[in-house]
Amino acid sequence: MLGITAQESNMWQAARSAVPGVTANPLIGNYYGIDLYDGESGNDWDVNFADADCGYGVSQVTDHMRMAGREDGDGGAAWPYQKQRAVALDYTANIAAGLQILVDKWNVTRKAGMTINHGSALRPENWYYALWAYNSGFYEKTSDGSPWGLGWVNNPANPEWDAGRLPFMENASGGDDASAAARPQNWPYQEKVLGFAAHPPSFLESPGNMVPAFRQSTWNGTNEGVSVKGSALYNRARVKAPESAFCTTANQCTPGRISDGASNDTALSGPCGRDDLKCWWNKPVTWKDDCSTTCGFEFIRFNETYPEEPDGTAYPPVCTTAGLPTGALIVDDVPTGTPVIRPGCTNSWSNDGKFSFGFSNNGSESVYPSKVDLHQLGAGFGSHFYFTHTRKNDSKGNRLRITGTWSFDKTITGPAKIMVHLPDHGAQTKKAKYVVDTGTGSRTRVVSQPGDGNRWRTIGAFMFNGKPKVTLNNLTPDGTGALDVAYDAIAVVPIKGTYTEKTVQAVGFFDEHQNLDTDLESSLPLDTPFKNRQTIYDWGVSTSGAVTSVPTCIDLPAPNCIMPETKAAMSRWNQAVKEAGSDPTNQPDGAGMTSWLHFANPYTYRPTSDAKPYFFDTDDSSYKIRNKATVSFVKDESGKIIEGSEFVEYDDRTADTHLPRFVRDTFAALKDDYGIAPPNLNYSAKDMNEHNGLETTTDTNSTGVLPGRAYAAMGLKPTIVEGGTCVRALNTSGGSIGYRPMLADSGATSSMARWKGEAEDSPVVSDSVAAVAGEIYNAFFKPGLTGSLHNQAPPIWQELSFQLCTDGKVRPYDGDPILRASHMPNQYLYLDDRAIDQTGAYTNSASPILRGDFKAFSAALDLTGHGMPYGACGPLTGRSGNPWGIDVGLDGPGANPGGKFCSWPSTTPSDEHSS
C-alpha cells in the first residue's frame with residue numbers, strides 16, 4: 001500500500017505546494033479536466049470539467065468522489081458529502097479508502113480465478129493483479145463471450161512500455177536508480193508500485209530534510225550479485241514479471257512481437273492482435289515456482305498499536321499582531337471567524353474590511369482558467385495566505401491574471417502607512433506591484449516579496465482622503481510562471497503628521513545639434529568614416545554619389561546601370577547628406593547629420609520650456625535614457641521624519657535606437673530591383689529597455705527599432721539622515737545603444753553578412769551598389785573587434801544622489817551633484833516635472849543641465865585629460881568611466897555585468913531597490 005501511495009501522490013495528502021506540517025488544499029488528480037499530456041501546450045489552461053479526474057489525496061481515491069448528481073457513470077454513486085470530505089481532508093480516512101479499494105480488487109480477481117504464483121497475500125509479487133486492477137479497473141465476465149479481465153493498458157507486453165526494461169527504480173547491478181522516478185511513463189502501473197516497494201524514494205520530511213519514504217520490502221537469498229540465481233538481488237529483480245507472461249493465444253497476444261519497434265496502431269503492428277486492443281487477461285500466472293523462498297516480504301511499520309506521529313512544524317504561522325503599531329487597521333485574506341486549522345494558533349483580531357479576488361479569462365470563455373493557478377497555504381499571518389504565479393502582461397498572462405483587493409471600511413483623512421505581511425515562503429517575486437487607492441488617486445509601489453521569516457513590511461506612507469484600498473495582481477516584468485506571488489494580510493496605520501512626496505527625474509536627450517567630432521587620438525588609426533563631421537559627410541556623399549552617377553537601367557538589371565528604386569534610394573540619401581552639411585553647429589532642424597544617421601532624438605521632442613515633456617515618460621523614441629526617484633515620508637509635529645514612513649521608488653529605462661532611413665531604403669530597394677531578400681534583423685536578447693531578466697524578441701524588420709539594453713540598476717534603500725529631517729536617495733542606472741546587443745546576436749549578423757554577400761556576388765548588381773552594401777555592413781553590422789564601432793559603443797548612464805528634507809526641498813547629499821552622468825547625451829533634470837539645477841533650485845529654463853561631449857564619449861585613450869567612457873567610474877572620475885566597469889576591447893557587445901555606485905563604490909546597493 002505504501003508503494004501505491006508513493007506512485008499515486010508522492011505520499012501527499014495535500015497539494016504539492018505544501019511541505020509536511022503546512023496545511024493546504026487536498027491533492028486532486030485533475031480537478032479542472034485539463035489535458036496536459038497531449039503534446040499541445042496551447043490548451044494547457046483550457047478548463048473542461050467533463051474530463052475532471054476526481055482522484056483525492058494520498059491514495060488518489062477516485063471512485064465515489066464525484067459530486068452527487070454529476071457522476072455521469074464514472075466511479076459509481078457518489079458517497080455522502082461528509083464521507084467524501086473525510087477522504088479529501090483526512091489522510092487516515094483516505095488511506096483506509098484506498099486499502100478498501102485495493103482489497104476489493106484482490107477479492108474480485110481472486111473470485112475470477114486469477115492468482116499469481118502460490119497466491120499468498122503475504123508476498124508483494126502476488127498482489128500484481130490487484131495493483132493492475134487498482135489503476136485501470138477490472139472488466140467482469142459476461143455471458144456473450146466477449147473479452148473480460150484486466151485491460152491492455154497495464155499489460156507489460158503493451159508497446160507503450162519500453163521492451164526489455166529493467167525493474168522500476170533499479171539499475172542493471174540491482175542497486176537503486178532514483179532517476180527512474182523521472183520517467184515513469186516507461187513502466188506499467190503495477191511494476192511502478194512494486195518497484196517503489198523494493199526501492200522506496202526519498203521525500204521531504206521538513207524544509208531541507210529528505211528522508212526515505214518508508215521501509216522497503218526484503219528478499220531472501222545470498223549476498224551475491226544480481227545475475228546469480230538464488231541471491232537476494234536476483235530474487236528482488238524478479239519482482240518484475242516477464243513481459244510476455246500475460247501475452248498468449250488466450251488473449252490474442254503474440255509474444256514474438258514484443259519489441260521497441262512495436263505499436264498499437266494495427267492488429268499486426270504490435271503484440272495485441274485486435275484492432276480494438278481488447279487483449280484482456282484473465283488467467284492465473286506463475287513466474288516464481290518457489291515463491292515461498294524467492295518472493296519478497298512486506299514490512300509492517302504501522303501496526304494497530306502504532307501511535308499517530310505528531311504534526312510537522314514547518315513554517316510556523318504568525319498568530320498575533322506583533323510587529324504592528326497600536327491602532328493598525330487589518331484586512332486579512334480570509335474573513336473574521338475563519339477556523340484556524342494548524343494547532344496552537346488562534347486569531348485575536350477582527351478584519352477592518354474585506355479581501356476579495358478578481359479572476360480573468362479570455363473574454364469569450366465561461367470558465368476562469370486563472371482559478372487553476374490559485375493556491376492556499378496554512379502559514380503566514382493568521383495561518384493562511386494565498387499565492388499564484390507571475391505572468392507576463394500579454395494575452396496568456398491576462399487570461400491568467402488574478403487580482404487581489406484589500407478594501408478597508410474606515411475612512412482615513414490624513415497620512416497613513418501601508419504595511420503588507422509577507423510570509424516566510426510562497427513569496428518569490430521581486431516585482432510585486434501594489435496599487436494603493438488613496439481616495440484622491442492611486443500610488444504604485446513595487447515590492448520585493450522574498451525575505452527571511454514572516455514579517456510586516458512598510459511599503460510607504462500616503463495621504464488619504466477616503467477608504468483605503470490596495471490591489472495586487474500577478475502580472476510582473478519577470479512573469480514566467482515560475483515565481484510565487486503571495487497575498488497575505490495588509491494593515492493601514494494612521495499617522496499624525498504631514499505627508500511629503502517629491503519626484504526627481506533625469507532624462508538623457510540626444511540633440512540633433514550635437515557635434516559628432518570624435519577623439520582623434522582614438523579614431524585616427526581606425527578605418528571608419530565616423531571620425532568627424534567632415535569624414536561622415538564625405539563618406540555619405542561619395543558612397544551615394546557613386547550610385548547616382550551611373551545611368552539608370554531601362555528594363556532589366558545589369559552591372560553597368562542602376563535599377564530605379566535603388567537609384568531613388570541613393571538620391572534621397574545623397575540629398576539628405578548634402579542638406580545636413582558638415583557644420584558643427586549650423587544644422588537644420590529635422591535634417592541634420594545626426595538625423596540622417598538616426599543617432600539623435602527628433603528635435604520636436606526637445607524641451608521648449610522648464611516643464612518636463614509628458615512623452616519622456618511614454619515614448620521610447622523621445623529620449624535615450626531616464627532615471628527617476630520618488631521619495632516620500634511623514635513628518636511629526638516636531639519636524640522630524642516618522643521612522644518607517646520613509647519610502648523611495650526608483651524607475652529607470654534605456655530607450656530605443658533606430659536604423660537610419662537610408663539603410664532601410666537600401667534593403668527595400670535591393671529587394672525590389674534585384675530580388676535580394678533583406679536581412680533578418682529580428683533577434684532575441686535579455687534586458688531590452690529594462691533590466692528585468694526577460695528575453696525580448698525584437699521587430700526590427702518591420703519597425704527599424706533596436707531596443708537599448710538596460711544594464712543592472714543599483715538603488716539604495718531610503719535612509720533618514722540629517723538628524724531625522726531628510727531622506728536620502730541614490731540610484732544608478734543606464735545601458736547601451738541598441739546596436740550593441742544586436743551585434744551580439746549571430747543570427748542577425750550572419751543574415752546581414754548574407755545580404756552583403758549576395759549583393760557583392762550578384763552578376764547584375766553594379767560595383768557601386770555592391771559597395772553601398774559593404775559600407776552599410778561595415779559601418780553598422782559587422783561584428784568583432786575589427787567590425788563596426790558600435791561593437792564597442794560605451795554605456796550611457798545616470799546617477800541620482802540627493803536628499804528630500806522636511807522643508808519640502810531637494811538638496812545634494814554630502815557634496816554630491818544631484819546628477820552625475822556619462823559624457824553623452826544632453827541631460828535634463830526635473831523636480832516634480834519642472835527643471836532644476838544641481839542644487840535643487842528651479843532654473844526656469846528649457847536648457848539641459850549637462851551637455852553631451854562626443855569627443856570624450858568616443859575616446860578609447862585619454863592622452864589630453866578630456867576623459868573617456870570606459871573602465872570603472874569612481875568618486876573623482878566625473879562623467880568618465882561607467883558603473884559596470886565596461887572596458888574597450890575587453891567586454892564584447894553581449895556584456896551584461898553587475899555594477900556599483902559611482903560616487904559611493906563601497907556602498908552596497910539594496911537588493912529590493914536594484915535590478
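Strands β13 (residues 432-437) and β16 run antiparallel and are joined by 4 bridges; two strands count as paired if DSSP finds at least two bridges between them. The model is predicted: local features need pLDDT of at least 70, side-chain atom pairs count only at pLDDT 80 or more, and totals for chains, interfaces and linings use all residues. Residues are numbered from 1 along each chain as its sequence is written, and side-chain values use heavy atoms, with hydrogens and water left out. Helices (H or I, at least four residues) and strands (E, at least two) are DSSP runs, numbered from the N terminus. Buried means under 20% relative accessible area, exposed over 50%, and partly exposed in between (1.4 Å probe, protein chains only).

- Val470 and Leu472 make up the covered face of β16 (residues 469-473), while Lys469, Thr471 and Asn473 lie on the uncovered one.

- Strand β30 (residues 796-805) is largely enclosed by the rest of the structure, because 10 of its 10 residues are buried.
- On one side of β30 the buried residues are Ile796, Gln798, Leu800, Phe802 and Leu804, and on the other they are Trp797, Glu799, Ser801, Gln803 and Cys805.
- Strand β29 (residues 726-736) is antiparallel to β30, and the two pair over 10 bridges; Gly734 stands opposite Trp797.
- Strand β32 (residues 819-821) is joined to β30 by 3 bridges and runs antiparallel to it, with Leu819 opposite Leu800.
- Strand β31 (residues 810-812) is likewise antiparallel to β30, with 3 bridges between them, and Pro812 of β31 stands opposite Phe802.
- The hairpin of β30 and β31 has 4 residues between the strands, and Gly808 in this hairpin takes a positive phi near 85°.

**Helix α4**

- Helix α4 (residues 128-136) is mostly covered, with 7 of its 9 residues buried.
- The buried residues of α4 are Tyr128, Tyr129, Ala130, Leu131, Trp132, Ala133 and Tyr134.
- Their cover includes the helices α1 (2-9), α3 (91-111) and α5 (189-198), together with the strands β3 (138-139) and β4 (149-150).

Technical notes:
Contact = heavy atoms within 4.5 Å.
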